[in-house]
Amino acid sequence: MQKIGIFGGTFNPIHMGHVRLAKHYIRELELDKLLIIPTKYPPHKVARDLASSRHRLEMCRLAFADVPEVEVSDIEIQRPGRSYTVDTIRQLKQIYPQDKLFLIVGSDMFLTFDKWVEFQEILLNCTLCTAPREGNEIESLKRYKIVLSQYSENLRILDIPALKLSSTEIRSKLSQKED
């Protein structure tokens with residue numbers, strides 16, 4: 001049985017914060033493999049200035065080229081229409097029926113997880129993992145973990161040092177021709 005992490009996102013663009021987080025999760029969760037899965041269209045937000053899925057996929061491949069445990073997957077990009085995490089988990093359970101899945105989400109997504117499409121099914125099929133984006137966020141994550149624990153005990157909050165970077169900030173700086 002392998003331990004497989006699932007790290008999805010818009011990755012518009014992917015940045016060193018994502019790569020750093022991925023490496024921490026690989027080490028902390030002792031993952032055999034980490035799937036990086038860019039989404040075609042983010043279901044939870046309107047994505048302005050969205051680079052093509054082909055470009056975001058290639059950026060992910062370039063960003064993780066030197067991380068042997070990472071596999072960049074186009075599983076969501078190939079799916080027609082909007083793709084929800086539950087759809088991806090169902091498909092991955094068919095591909096990896098004997099393996100243990102770990103879904104990695106940002107702290108903002110963790111704190112609204114009960115609003116996700118069929119979130120209970122997701123929790124039945126994988127361990128939900130997050131880390132604080134900011135140092136003072138750990139307590140709110142712990143409180144929300146108690147709420148989610150009524151559905152599953154497979155919840156992990158990792159204490160990974162935060163790196164303040166965001167794709168939104170990077171796009172803004174690029175549009176202003178800043179470094």
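Contact here means heavy atoms within 4.5 Å of each other. The model shown is predicted.

**Figure 1. Overview of the protein chain, with seven helices and six strands.** The elements run in the order β-α-β-α-β-α-β-α-α-β-α-β-α along the sequence. The chain has 179 residues, and 42% of them count as buried. Among contacts with a separation of 6 or more, 78% join residues 24 or more positions apart. The accessible surface comes to about 10000 Å². Carbon and sulfur atoms contribute 50% of that surface. The salt bridges number seven.

**Figure 2. The buried side of helix α3 (85-95).** Four residues of α3 are buried: V86, T88, I89 and L92. Why do they lie on the same side of α3? Their arc around the axis is only 155°, and this places them on one side of the helix. The cover over these buried residues includes three strands, β1 (3-9), β2 (33-38) and β4 (100-104). Helix α5 is also part of that cover. I89 is in contact with I122 of α5. T88 makes a side-chain polar contact with R79.

**Figure 3. I122 in helix α5 (residues 119-125).** Is I122 buried or exposed? Its relative accessible area is 1%, so I122 is buried, the cut-off being under 20%. Leaving out residues up to four places away in sequence, I122 touches T85, V86, I89, L103, F113, W116 and V117. V86 and I89 from this group are also among the buried residues of α3. I122 and I89 are 33 residues apart along the chain. Their C-alpha atoms are separated by 6.8 Å.

**Figure 4. A salt-bridge network of D87, R90, E118 and E121.** Side chains of opposite charge can pair when their charged atoms come close. R90 pairs with D87, with 3.6 Å between the closest N and O atoms. Both residues belong to helix α3 and sit three residues apart, about one turn of the helix. R90 also meets E121 in a salt bridge, at 2.7 Å from N to O. This second pair ties together parts 31 residues apart in sequence, because R90 lies in α3 and E121 in α5. How accessible are the partners? R90 is partly exposed at 35% relative accessibility. D87 has a relative accessible area of 24% and is partly exposed. E121 is partly exposed as well, at 24%.

**Figure 5. R79, a buried arginine without a salt bridge.** R79 is found in the loop between β3 (70-72) and α3. Which side chain of opposite charge is nearest to R79? That side chain is E76, 4.5 Å away. A salt bridge requires a distance within 4 Å, so E76 does not qualify as a partner. R79 does make a polar contact, side chain to side chain, with T88 at 3.0 Å. Setting aside neighbours within four places in sequence, R79 is in contact with K40, Y84, D87, T88 and Q91.

Figure 6. R61 is partly exposed, with a relative accessible area of 37%. E58 is partly exposed at 38%.

**Figure 7. Two faces of helix α6 (residues 138-148).** The buried residues of α6 are I138, L141, Y144 and L148. They lie on the same side of the helix because their arc around the axis is only 125°. Which elements cover them? Helix α4 (107-110) and the strands β5 (127-130) and β6 (155-157) are included in the cover. The face turned away from the buried side carries R143 and I146, which are exposed.

How values were computed. Residues are numbered from 1 along each chain as its sequence is written. This is a predicted model: local features need pLDDT of at least 70, side-chain atom pairs count only at pLDDT 80 or more; totals for chains, interfaces and linings use all residues. Side-chain values use heavy atoms; hydrogens and water are left out. Buried means under 20% relative accessible area, exposed over 50%, partly exposed in between (1.4 Å probe, protein chains only). Lys and Arg count as positive and Asp and Glu as negative; His and the chain ends are not counted. A polar contact is a pair of N or O atoms within 3.5 Å; within protein, one must be able to donate a hydrogen and the other to accept it, and residues adjacent in sequence count only if both atoms are side-chain atoms. The arc is that of the directions from the helix axis to the C-beta atoms. Accessible areas come from the Shrake-Rupley method with a 1.4 Å probe; for residues, only the protein chains shown count as cover.
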